Every structure is written in structure tokens, then in C-alpha cells.
Amino acid sequence: VNTAQEYIVTITDANGCTATASTTLAVTPLPNAGADVTLTCYQTGVAVMSANGVGTWTLGSGNIGSATITNPNSATTTVTDFSTNGTYELIWTVNGCSDAIVITVGDDCNCPIIGNIINTPTPSSYCESVSSVIISGQAASPAGGIYEWYNSINGSAFVSASGVNNQQDYTTSTLSIGEHRFQRKYTTTSGIICDDLSNIVTINVYPNPIASIIGGDDICPGKETIFTATGGVNYVWNIPATTAAINVNNSDIYSVTVTDINGCQDIATKSITVYPQPTANITGDNVICAGENTTFNASGGDAYAWNINESTASITVNTAQEFIVTVTDANGCQASTNLTVAVN
């Protein structure tokens, strides 16, 4: 198994007896180290990380040079003091699982731009869709330059962002399901004319899960069935209960709110019908003389099982004893009754 859900097994032994056990598998999501970063100058460049979760940053082996991680335990730490231009691998590790990004540092150190950094919005993940998310950015210097915002969807190339994209901050349009990355370019307009790309921030929009309930639709009185919800990792029922599987024995409508690993939700409902209990009845003379017969007629169902291995509605008897009939109706529900014959 590799799906985060509750697994239920019903074991039947050689005698036909059963028992049920369950366990729930939790799947730890892979960490997200964020997007790769490009800096213009290795001497002054500041790379801002955009990982998710609680973990630790380390420099990968085989880097072209050294660098300083300001706070290795911060998902949004900065990396500075690159010893030379080239590429640097940064590894983000959470609960033993790792993801890596690459910082590409150039040697164009004549460009005077500093502070071209944008901030990951909080929250940075949503369900189904979201609109008007504000991505704030620091004021780049030297002042008076031109801001330009770009975005990428699901790993595609960066293109000019829609709407008003020439301000220090940017407000998104409606974002549909997918991974949306944003970056800001700053261009100077006086002195040394150059431009600089900021770090990349990511906004994830996840689809809602598809909740469902499986289980029987009807039961007989005194019986129960199991409803099992699927589609997520957390379940909240209206009865209440918080397990994927519940036992139900009442005629009612049951609903469950399913939450997946991304925090997105869906609701499923299912009803169950409890059939009425059949009424078993036996008619006939239950006091006879020795040597006589009497006829018992059972009613109340569609099938009949007597304790004398008879399966007809009517039986002929002549012995002093108790006669028991089990009546089964069209729904498979059962009831029993009895009548005792006295022989004088």
C-alpha cells in the first residue's frame, strides 16, 4: 500500500467466525525547497529561499565555491557571501526527506542594484482557485528604477504578468489549479543601466478531493453496516465521528467532510434504510386428541423455516412439542414465533 487512508480487513476462520481490524497509513509529503534563484553578482547577491515546512538547509557537495546560509533552520533564510560566480546547490531536508534548488550566480558586479527581493505571501497555498493575492516586494535601490513582474504556470517559461505589473507590489488575478511562480525584474534608469531578477515565490492552488462513501444501502432491524469514507486523510462525520469507517444502524442521512493532505475539503452524503421488522404468526388448533393431526399455518413472510426441517408455510403435526418458525420477508429480514401442541 502507498495511499494515505484507513485499511480495514475482515478475517474469517475455519468455523466461519469473523473479526475486523484496521490501521491508517500516513504518507509524509515530500518537502518543497522552492524555486531556483538567479543572481547577477556573486559579491553582492542575496538569495532568498522559499521552502515550505520545518527543516534544515545545507550546501550540496560539489559546489563551485562556498557560501553562507544565514539561518539553516529557516525555510525563508538568505544565502550570501558567494566565493565565486557559478552554480550552488542548496538542499532542504524535512523529516529525512530532501529537495534541492540551484542558485546561479553571475559575475556582473558593476550593476548597483540591491534589495530586489519579493516575499512569499501567507498563506501560499489554496484550494480550487484564489484571486487578488498580494505579493509584496522590498524597495530596490538605487531608487527611481522600473519594476516589471513575471509569472510562470506549472513550470512553463516566465511571461509578463497580467494586470498592473509595474509596481513595487503585485496583486494577482484569479489563479486556477496549478503551481504559480512569480518573479520581479528591476531596471535602473540612471547611472549604470542594468537590470536584476528577484527571487521566485510560488503559490500553489490544489484541487479539492473527491469524497465518497461506500457501504450497504439497507439493513434489517437490529443489524448494522459499515460506511467507509474515501478521498482524504481526515474525516469528520455528522454523527459525530472522526474515523474513515463508521458502524451505522439507524435510518438516516450520513455526511462526512473529507480533508486531503493539502487541507482541501469535499463533502459526501449517503443514506441508509432500515426495513420494518416482519411479524411472524402461527395459526391452528394446538390442542388435539391422541391419534389426531392438526395444521399450523405460518404467515408474515415469503419464506419459512420450521424447527422440524420443514420449509412450507403450512405443516401438519401430531406430537406434543413446541414448534418454532422463522419467517423471512422480501427484504431478507427475519422474525420468529412459536406454538406448542398439547395432545390429550
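**Cavity, pockets and aromatic pairs**

Modeller: In this predicted model, a search of the whole structure turns up one cavity of 30 Å³ or more.

Biologist: How do the residues lining the largest cavity divide into nonpolar, polar and charged?

Modeller: The largest cavity holds about 30 Å³ of space. Its lining consists of Pro-142, Ala-143, Gly-144, Gly-145, Thr-188, Thr-189 and Ser-190. Gly counts as polar in this scheme. The division is two nonpolar, five polar and no charged.

Biologist: Which strand gives the most to the lining of the largest pocket?

Modeller: The largest pocket has a volume of about 430 Å³. It is lined by 19 residues, with Pro-29, Leu-30, Asn-32, Asn-52 and Tyr-206 nearest its centre. By class, the lining has six nonpolar, 13 polar and no charged residues. The strand that gives the most, with three residues, is β17 (residues 201-206).

Biologist: How many charged residues are in the lining of the second largest pocket?

Modeller: The second largest pocket contains about 210 Å³ of space. Of its 17 lining residues, Thr-44, Gly-45, Val-46, Ile-113 and Asp-196 are the closest to its centre. Strands β3 (37-39) and β16 (195-197) each supply at least two residues of the lining. Besides nine nonpolar and seven polar residues, the number of charged ones is one.

Biologist: Turning to the rings, is the pair of Tyr-170 and Phe-182 stacked, edge-to-face or tilted?

Modeller: The search of the whole structure finds seven aromatic pairs. For Tyr-170 and Phe-182, the centres are 5.8 Å apart and the planes make an angle of 40°. Planes under 30 degrees apart would count as stacked and those over 60 as edge-to-face, so the class for this pair is tilted.

Biologist: What class of pair do Phe-227 and Tyr-254 form?

Modeller: Phe-227 lies in strand β20 (residues 225-230) and Tyr-254 in strand β23 (residues 252-259), 27 residues apart. Phe-227 is buried at 0% relative accessibility, and Tyr-254 is buried at 6%. The ring centres are 5.6 Å apart and the planes stand at 90°, so the pair is edge-to-face.

Notes. Residues numbered from 1 in each chain as written. Predicted model: local features only at pLDDT ≥ 70, side-chain atom pairs only at ≥ 80, totals over all residues. Heavy atoms only, no water. Phe/Tyr/Trp six-rings, centres within 6.5 Å; stacked < 30°, edge-to-face > 60°. Helix = DSSP H or I, 4+ residues; strand = E, 2+ residues; numbered from the N terminus. Buried < 20%, exposed > 50% of the residue type's maximum accessible area, 1.4 Å probe, protein only. 1 Å grid on protein atoms, 1.4 Å probe; cavity = no way out; pocket = protein on both sides within 12 Å on 5 of 7 lines; lining within 4 Å. Points joined across faces, edges and corners; volume = space filled by probe spheres on them.
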